[in-house]
Amino acid sequence: MTISVCIPTYNGGQFIKEQLDSILNQTRAVDEIIISDDSSTDQTVEIINSFADPRIKLFEKQQFSSPIFNLEFALKQASGDYIFLADQDDVWMPDKVEILVKELTTSKLVISDGVVINQQGKEIASSIFEIFNSRQGFCKNLLKNAYMGCCIAFHKDLLPIVLPFPKKIAMHDLWIGLNAELFTKPVFCQAKLVKYRRHDFNKTPLDAKTNTNSLFYKISFRITILLLLIARFTNRKIESLFSKR
């Protein structure tokens, strides 16, 4: 089984080297690292190119102005049997790939636990799962999302289901996770396999205390993603009925 790692980057020069080092030095080697760079203006591209590793496939000068659709582009380039999502500023534990590949032999999607670190790399929370009360359940995750992209790996069979991303989704990881809840049985792996970095430029709030979105926004985006899921799920069911004839 081949492994693709997909990373959307934008001005990630401060941390991208440490992240790539942790991915390239896994106990179970990855086959390709797809990086879509959204027109970074710092040293991100230069640092990536300095690795000169044939497994790294860099697509630069993208113009999405969106981490969601920057990632979507990377996913469309992936050729692996297993797809791992990665942020530009985290650090992987050395055995992350090895452990999750074993889980993927019996599940289409797996999400691991991790620790939270600050900008300097110091641990500030011992468990992502504890913060989000992470567990299976469509309704649970629609109300409080536990699907963090940096912790997710899934089988390529899910790509035709989750892609293309709807234009109005606010969170790609929630979209992937909820589709997995509908079409398969995700596994929540208790191993802490990611150091998830929090800093001033994070796009995703960590918890209720750091989430400054209004109540109206929180309700409306959940209604929107639910309607989009219904439309996607219904279309897949209709397609499968016709394909059996």
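Student: How many salt bridges does the count come to?

Tutor: Side chains of opposite charge can pair when their charged atoms come close. If a salt bridge is taken as a side-chain nitrogen of Lys or Arg within 4 Å of a carboxyl oxygen of Asp or Glu, the count comes to 7. The model is predicted: local features need pLDDT of at least 70, side-chain atom pairs count only at pLDDT 80 or more, and totals for chains, interfaces and linings use all residues. Residues are numbered from 1 along each chain as its sequence is written, and side-chain values use heavy atoms, with hydrogens and water left out.

Student: Where do D21 and K17 lie?

Tutor: Helices (H or I, at least four residues) and strands (E, at least two) are DSSP runs, numbered from the N terminus. Both D21 and K17 belong to helix α1 (residues 16-24), 4 residues apart, about one turn of the helix. Their side chains form a salt bridge, at 2.9 Å from N to O.

Student: Which parts does the pair of R197 and E18 tie together?

Tutor: The closest N and O atoms of this salt bridge are 2.9 Å apart. Because R197 is in strand β9 (residues 187-197) and E18 in helix α1, the pair ties together parts that are 179 residues apart in sequence. As for accessibility, buried means under 20% relative accessible area, exposed over 50%, and partly exposed in between (1.4 Å probe, protein chains only). R197 is buried, at 2%, whereas E18 is partly exposed, at 42%.

Student: What is the corresponding reading for K108 and D157?

Tutor: K108 and D157 form a salt bridge whose closest N and O atoms are 2.6 Å apart. K108 is in the loop between α4 (96-104) and β6 (109-117) and D157 in the loop between β8 (152-155) and α7 (159-162), so the pair links parts 49 residues apart in sequence. K108 is partly exposed at 29%, and D157 is partly exposed at 40%.

Student: Is helix α8 mostly covered or exposed?

Tutor: Helix α8 (residues 172-183) is mostly covered, with 10 of its 12 residues buried; among them are W175, I176 and L178. From first C-alpha to last, α8 reaches 17 Å, close to the 16 Å expected, the expected span being 1.5 Å times one less than the number of residues.

Student: Which residues touch the most other members of the largest nonpolar core?

Tutor: A nonpolar core is a set of buried Ala, Val, Leu, Ile, Met, Phe, Trp, Tyr and Cys residues joined through side-chain atoms within 4.5 Å. Of the 69 residues in the largest one, V5, L20, I33, L75, F84, F154 and F165 touch the most other members. Leaving aside neighbours within four places in sequence, L75 is in contact (heavy atoms within 4.5 Å) with C6, I83, L85, F154, L159, L163 and F165.
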